[in-house]
Amino acid sequence: MVASEPEGSISGRSLPHTPGPFEHPALFYRGADDYLRGTVPFILEGLAAEEPVAVAVPRGNLNLIREALGERAAAEVRLLDMGEAGRNPGRIIPSVLRAFADLHPGTHVRIIGEPIWPGRSATEYPACLQHEALINLAFAGRDATILCPYDVERLDPVVIKDAEETHPVIVDASGTRTSSRYEVDHVLRECNQPLPPPEDAATMRYGHDLHPDPLTRVRDFAAEYAARSGLSGDRLDDLRLVASELAANSLDHGGGSGVLRIWREDGRVVFDIGDAGHITDPLAGRHPADTHQLGSRGLLVTHLLGDLVRVHTGPAGTTTRVYFDVNGDA
């Protein structure tokens, strides 16, 4: 087991963790030893203070932490493989972070979340960056600390610079500092970019009485294309449900009509729904389901079922793009 450091430090680095306003530090690490020096004391201090602790990191790093903690301490921590739980960055806030924090109201919680790791694709990265920015909105005023590790040796330097914009505090080998680049609103604007489809996408329009039973036609159109592209079983059913939910949102909130486009891209079936709606809540689709809430939860369902989700929205309309891996291949 790794010995714990003095309270309030990570190998001599002061880390904000006192119960109170939300803290969202980025941990810049180099190699496995540095990773453990930056994470294990944070966990042990939480356990010593009887604070709930969760760790959601890629499997390799999860195994490092589990081994360093030892069997007894590891059993007290909620351990999650972020490669599975956070494959789609859009589901991390509702089904990982909030799902854990909301189990412990009135208690300071500690979470280690590592949504960005070497191997994330260029297509996935904007959704990862947007997620990191949105954490600050989702947990504003909450009694929690979410520590986000970044591998500075293996990640692109641009990713490290972006982390300074999404995290108000940076922790590295030199200590702890306030990020002078922290600017969440700028990141969210940059992530909200148009999503033009390929020219050969199969396309259908629905709504405004173009044809009867538009939702059935949308489901069938999307599912038939996806099946021909190799999607099958439960994942085909998930795609059918997501297409129906998004089309229903168009009919109810997006001007009464929409356009579905679908294509194959790099081992994935990709489709998007475009309509005249404008999403004004930046956390739309990332609020955990409220059993007492009336109305559509289509965007939340989309995030929970899709392998990747991208959204572009503005006064002129919204495009929601969803990726489904074929045979588990990205």
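These notebook entries record what I looked up in a predicted model.

**Conventions**

I number residues from 1 along each chain as its sequence is written, and side-chain values use heavy atoms, with hydrogens and water left out. As the model is predicted, local features need pLDDT of at least 70 and side-chain atom pairs count only at pLDDT 80 or more, while totals for chains, interfaces and linings use all residues.

**Entry 1**

Strands and helices are DSSP runs numbered from the N terminus (strands: E, at least two residues; helices: H or I, at least four). Two strands pair if DSSP finds at least two bridges between them.

I then followed strand 8 (residues 169-172), which runs antiparallel to strand 9 and is joined to it by four bridges. Asp172 has Gly175 in strand 9 as its bridge partner.

**Entry 2: helices across this sheet**

Contact here means heavy atoms within 4.5 Å.

Helix 4 is mostly covered, with eight of its ten residues buried. Buried means under 20% relative accessible area, exposed over 50%, and partly exposed in between (1.4 Å probe, protein chains only). The buried residues include Arg98 as well as Ile93, Leu97 and Phe100.

**Entry 3: Ile112**

Ile112 belongs to strand 6 (residues 109-113). Is Ile112 buried or exposed? Its relative accessible area is 0%, so Ile112 counts as buried. Leaving out residues up to four places away in sequence, I listed its contacts as Thr39, Phe42, Ile43, Ala54, Val55, Ala56, Val57, Leu147 and Pro149. The C-alpha atoms of Ile112 and Leu27 are 9.8 Å apart, although 85 residues separate the two along the chain.

**Entry 4: the nonpolar cores**

A nonpolar core is a set of buried Ala, Val, Leu, Ile, Met, Phe, Trp, Tyr and Cys residues joined through side-chain atoms within 4.5 Å. The largest has 40 residues, of which Phe28, Leu97, Phe139, Ile146 and Tyr150 touch the most other members. Among the elements giving two or more residues to this core are strand 3 (25-29), strand 7 (144-151) and helix 6 (157-166). Helix 5 gives the most, with seven residues.

I checked Phe139 separately: beyond four places in sequence, Phe139 touches Phe22, Leu97, Arg98, Ala101, Ala144 and Ile146. Another core, of 32 residues, lies apart from the largest one and includes Tyr206, Ile262, Tyr323 and Phe324.

**Entry 5: helix 5 against helix 7**

Two packed helices are described by the angle between their axes and the distance between the axes. Helix 5 (residues 125-138) and helix 7 (residues 184-191) pack at about 145°, with their axes 9 Å apart. Pro126, Leu129, Gln130, Ala133, Leu134, Asn136 and Leu137 of helix 5 meet Val184, Val187, Leu188 and Cys191 of helix 7. I sorted the residues of this contact into nine nonpolar, two polar and no charged. For this sorting, Ala, Val, Leu, Ile, Met, Phe, Trp, Tyr, Cys and Pro count as nonpolar, Asp, Glu, Lys and Arg as charged, and the others, Gly among them, as polar.

I found a five-stranded open sheet in the order 10-11-12-14-13, with antiparallel pairing. Its edges are strand 10 (202-207) and strand 13 (308-314), and the twist averages 15° from one strand to the next. Seven bridges pair strand 11 (residues 257-265) with strand 12 (residues 268-275) in the antiparallel sense. Trp263 has Val270 in strand 12 as its bridge partner.

In helix 10 (residues 298-305), Gly298, Leu299, Leu300, Thr302 and His303 are buried. Their cover includes helix 4, helix 9 (233-253), strand 13 and strand 14 (317-325).

**Entry 6: positive phi**

Which non-glycine residue has a positive phi of about 60°? I found that value at Glu50, in the loop between helix 1 (31-48) and strand 4. Glu50 is exposed because its relative accessibility is 72%.

Asp213 also has a positive phi, near 50°, and lies in the loop between strand 10 and helix 8 (214-228). With a relative accessible area of 49%, Asp213 is partly exposed.

Note on methods:
Axes fitted to C-alpha atoms, helices over the stretch in contact; angles between N-to-C directions.
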